[in-house]
Amino acid sequence: MFQKRRLNFWEIWNLSFGFLGIQMGFALQNANASRILQSFGADVHELSWFWIVAPLTGLIVQPIVGYYSDKTWTRLGRRRPYFLTGALLASLGLIFMPNADMFTAFLPSLWVGAGMLMVMDASFNIAMEPFRALIADMLPSDQRTLGYSIQTVLIGVGAVIGSWLPYVLTNWIGVSNTAAAGEVPLNLLLSFVIGALVLVASVAITVFTTKEYTPEEMALLNQDEKVEETEKSTGGLIDIFTDFAKMPKTMRQLSWVQFFSWFGLFGLWVFATPAIAEHIYGLDPNNSQSTAYQDAGDWVGVLFGVYNGVSAIFAFFLPAIANKVGRKKTHAISLIIGALGFLSIYIMPNDNWLILSMLGIGVAWASILAMPYAILAGAIPPQKMGVYMGIFNFFIVIPQIINALIGGLMVQYLYNGHPIYALMTSGVAFLIAALLVSRVEDMDENGTII
């Protein structure tokens, strides 16, 4: 019987190396998009509305990309054409978003900036989920936790570089972090260009060092499942809705865990800079042009680098911890530690103490990037790995859309304009996610609950 080959460490490393560049760009977006939009004129309570374009595009793009990547075969393979295309498009978004003021002759720079945020996030989505599916395609069941953990390490390394880059350019090299009203500081402009170059280069390494299984080999691996798919498939995009209705029980259970996890994360990405600028630095969260506000924004980038760095380190230990206590318990404990990290931000006496809060958030982030996918992979029919990974993304983007719709209103009316309470809400969401992990059935490829 034809079986998947066990890969060595460096083969698994190259399999996910492109994620380093993807996450470097994603980290630049997460840490700085709100600040850039504020530079172009957005108010604090409007930020989540501009961010809504990002998860909305993911909601549309992800399942379609997953569906077609399951059925694609080119000279570059099955998944690789998608994350290469996504990387090229995302790099264009990274270059043009902070330079949106170049297009003011055609549209207001705020609109162009929001549009580039949409392009970037759609492109990151095109690139990310085929990488998730590639791990499941290429690795046998007992190597998947290792595969997703290595992926998390690379995500963390890329995110640290992306998050710290603006701070490093200003404080180590002397690049200016201030600009005239309506313009983006030079340190951010350079950071986004560097991120675009690294993104394309790292994805190219995965594309040209990885050899995927051919359609014939995949058919041999999944003969029984392939017959079943042929009998029931309608052969069109309508299959996405059919597959959604018939999603495995484990995916339904994980969907609620994902919902509250990503609701919390979205609050961090949107409101961290104004929340910390006001609560820790004592600044007006709407006065984004001041030097003090830009310094606070650079420090938020450093903090984002800290939690991503912690996730990269903790990811090395995830396989051993999961083998000892189980994947569910590992994920639940990690989410509780992350919740404590969020809630502790409120009581920290100064900006340096926030590093301690980020340690907790980093532990949860490592687990969020690895454990749900390791649990899910054993419950998905192998021939539908791409489309189900895309559908699984619904439970990442839907909570972000909901937070985008209500987050700004909550800050404005429920929290009296104080964005720090949006971060406290994120902590509560993580606690709820941790409680819901206990309902999930974790099983291997043979359907045995573990």
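How many aromatic pairs does the count come to? The count comes to 22 aromatic pairs, where rings of Phe, Tyr and Trp (its six-membered ring) pair if their centres lie within 6.5 Å.

## About the model

This is a predicted model, so to speak of local features a pLDDT of at least 70 is needed, side-chain atom pairs count only at pLDDT 80 or more, and totals for chains, interfaces and linings use all residues. Residues are numbered from 1 along each chain as its sequence is written, and side-chain values use heavy atoms, with hydrogens and water left out.

## Aromatic pairs

A pair of aromatic rings is described by the distance of the centres and the angle of the planes. Planes under 30 degrees apart count as stacked, over 60 as edge-to-face and the rest as tilted. Take Phe26 and Phe124: their ring centres are 5.6 Å apart and their planes stand at 75°, so this pair is edge-to-face. It links distant parts of the chain, with Phe26 in helix H2 (residues 18–39) and Phe124 in helix H6 (residues 109–138), 98 residues apart. Helices here are DSSP runs (H or I) of at least four residues, numbered from the N terminus. Both Phe26 and Phe124 are buried, a word that stands for under 20% relative accessible area, while exposed is over 50% and partly exposed is in between (1.4 Å probe, protein chains only).

Phe83 and Phe131 give you a stacked pair, 3.9 Å centre to centre with 20° between the planes. Phe83 lies in helix H5 (residues 80–96) and Phe131 in helix H6, so the pair ties together parts that are 48 residues apart in sequence. Phe83 is buried, with a relative accessible area of 0%, and Phe131 also counts as buried at 0%. There is a cluster to look for as well: Phe26, Phe124, Trp262, Trp269, Phe304, Tyr307 and Trp365 form one aromatic cluster.

## Helix H12

Helix H12 (residues 249–279) has 31 residues and should span 45 Å at 1.5 Å a residue; its end C-alpha atoms are 42 Å apart, which agrees. The expected span is 1.5 Å times one less than the number of residues. Of the 31 residues of H12, 26 are buried, so the helix is largely enclosed by the rest of the structure.

Where does H12 bend? The bend, of about 65°, is at Phe271, and Pro274 follows within four residues. A bend at a residue is the angle between axes fitted to the seven residues ending there and the seven starting there.

## A nonpolar surface patch

On the surface, Phe9, Trp10, Ile313, Phe316, Phe317, Ile321 and Val325 form a nonpolar patch with about 720 Å² of accessible area together. Helix H1 (9–16) and helix H13 (291–325) are the elements that give two or more residues to this patch, and H13 gives the most, with five residues. Patch members have over 30% relative accessible area and no salt bridge, and nonpolar side chains (Val, Leu, Ile, Met, Phe, Trp, Tyr) are joined within 5 Å. Accessible areas come from the Shrake-Rupley method with a 1.4 Å probe.

Trp10 lies in helix H1 and counts as exposed at 57% relative accessibility. Elsewhere in helix H13 you will find Gly305, which counts as buried at 1% relative accessibility.

## Salt bridges

Side chains of opposite charge can pair when their charged atoms come close. A search of the whole structure finds seven salt bridges, each a side-chain nitrogen of Lys or Arg within 4 Å of a carboxyl oxygen of Asp or Glu. One of them joins Glu11 and Arg5, with the closest N and O atoms 3.0 Å apart. Glu11 is partly exposed at 29% relative accessibility, and Arg5 is partly exposed at 47%.

Asp137 forms a salt bridge with Arg78, the closest N and O atoms being 3.5 Å apart. Asp137 lies in helix H6 and Arg78 in the loop between helix H4 (53–71) and H5, so this pair ties together parts 59 residues apart in sequence. Asp137 also forms a salt bridge with Arg79, at 2.6 Å between the closest N and O atoms; Arg79 is in the loop between H4 and H5, 58 residues from Asp137. Both Asp137 and Arg78 are buried, and Arg79 is buried too. Together, Arg78, Arg79 and Asp137 are linked in a network of salt bridges.

## A loop residue to check

Asn416 lies in the loop between helix H17 (394–414) and helix H18 (420–436). Its phi is near 55°, a positive value in a residue other than glycine. Asn416 counts as exposed, at 64% relative accessibility.

Terms used. Patches are made of residues with over 30% relative accessible area and no salt bridge: like charges are joined within 9 Å, nonpolar side chains (Val, Leu, Ile, Met, Phe, Trp, Tyr) within 5 Å.
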